[in-house]
Amino acid sequence: MPFIGQAPKSTFAAAIDNASITTSNIDAATITLFKEKKANATSGATCTNNLAVASSFEHTATQNFTANFTNVPGTNTTSWTLEVNNDGTAHTVTWQVAGADSMQWAEGQVPPPSTGTDVYSFIAIAGEVYGSLAVRNAS
């Protein structure tokens, strides 16, 4: 919302109906409305999550796996989510971010997985990637 006396820099109106989007007057914005689902079949599998394709990812975990995020902007701020559906076993996730040295976690500790559904939230700010466990063992 602009301050009093200021005109808005851009306006956005979207209507999603049968997968159609109408927009009006968006300045330098990219909107990604896709969810990518993956199933990792073997232990040690790497599931690549391309941020140029989606901003929400879902994995069905039947074994330990590596979650690799690609196309993370180096200068802009972006965020995304990963839903991990475990099969009753707490499968270990190894985290990788292409182009970044590491993923930063609160107090330097990766949250342990649950045996159910875990939802992770990520934000990249100027090339630094921060992760957090948003929901643990959802049912």
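This is a predicted model: local features need pLDDT of at least 70, side-chain atom pairs count only at pLDDT 80 or more; totals for chains, interfaces and linings use all residues.

Trp80 counts as buried, because its relative accessibility is 2% and the cut-off for a buried residue is under 20%. Trp80 lies in strand β5, and, once residues up to four places away in sequence are set aside, Trp80 touches Leu51, Ser55, Phe57, Phe69, Val72, Tyr120, Ser121, Phe122, Ile123, Ala124 and Val129.

Let me widen the view to the core. The largest nonpolar core has 21 residues, and those that touch the most other members are Phe69, Val72, Trp80, Leu82, Trp95, Met103 and Phe122. The elements giving two or more residues to this core are β3, at 56-61, β4, at 65-70, β5, at 78-86, β6, at 93-97, β7, at 103-105, and β8. If you look for Val72, you will see that, with residues up to four places away in sequence not counted, Val72 touches Leu51, Trp80, Val97, Ala124 and Val129.

Now for the chain as a whole. How many helices and how many strands does the chain have? There are 0 helices and 9 strands, and the order of elements from the N terminus on is accordingly written as β-β-β-β-β-β-β-β-β. The chain has 139 residues, of which 27% count as buried, and it exposes about 8,700 Å², with carbon and sulfur atoms supplying 51% of that area. Among the contacts in the chain with a separation of 6 or more, 45% are between residues 24 or more positions apart.

I would next like to turn to two polar residues. Asn86 has its place in strand β5, and Asn86 counts as buried because its relative accessibility is 11%. A polar atom of the Asn86 side chain lies 3.0 Å from the backbone oxygen of Ser114, and, leaving aside neighbours within four places in sequence, Asn86 is in contact with Ala61, His91, Pro113, Ser114, Thr115, Gly116 and Asp118.

Thr117, in strand β8, is the other one. Is Thr117 buried or exposed? With a relative accessible area of 19%, Thr117 is buried, since the cut-off is under 20%. The side chains of Thr117 and Asn85 are joined by a polar contact of 2.9 Å, and, not counting residues up to four places away in sequence, Thr117 touches Glu83, Val84, Asn85, Val135, Arg136, Asn137 and Ala138. Of these, Arg136 is 19 residues from Thr117 along the chain, with 6.6 Å between their C-alpha atoms.

Ile123 belongs to strand β8, which covers residues 117-125, and Ile123 counts as partly exposed because its relative accessibility is 34%.

Asn76 lies in the loop between β4 and β5, and although Asn76 and Ile125 are 49 residues apart along the chain, their C-alpha atoms are separated by 6.4 Å. Leaving aside neighbours within four places in sequence, Asn76 is in contact with Ala124 and Ala126.

Let me finish with backbone angles. Most residues other than glycine have a negative phi. Ala126, in the loop between β8 and β9, has a positive phi near 50 degrees, and Ala126 counts as exposed because its relative accessibility is 52%. Glu107, which is not a glycine either, has a positive phi of about 55 degrees; its place is in the loop between β7 and β8, and Glu107 is exposed, with a relative accessible area of 79%.

Definitions and conventions: Residues are numbered from 1 along each chain as its sequence is written. Side-chain values use heavy atoms; hydrogens and water are left out. Helices (H or I, at least four residues) and strands (E, at least two) are DSSP runs, numbered from the N terminus. Buried means under 20% relative accessible area, exposed over 50%, partly exposed in between (1.4 Å probe, protein chains only). A nonpolar core is a set of buried Ala, Val, Leu, Ile, Met, Phe, Trp, Tyr and Cys residues joined through side-chain atoms within 4.5 Å. Contact means heavy atoms within 4.5 Å. Accessible areas come from the Shrake-Rupley method with a 1.4 Å probe; for residues, only the protein chains shown count as cover. A polar contact is a pair of N or O atoms within 3.5 Å; within protein, one must be able to donate a hydrogen and the other to accept it, and residues adjacent in sequence count only if both atoms are side-chain atoms.
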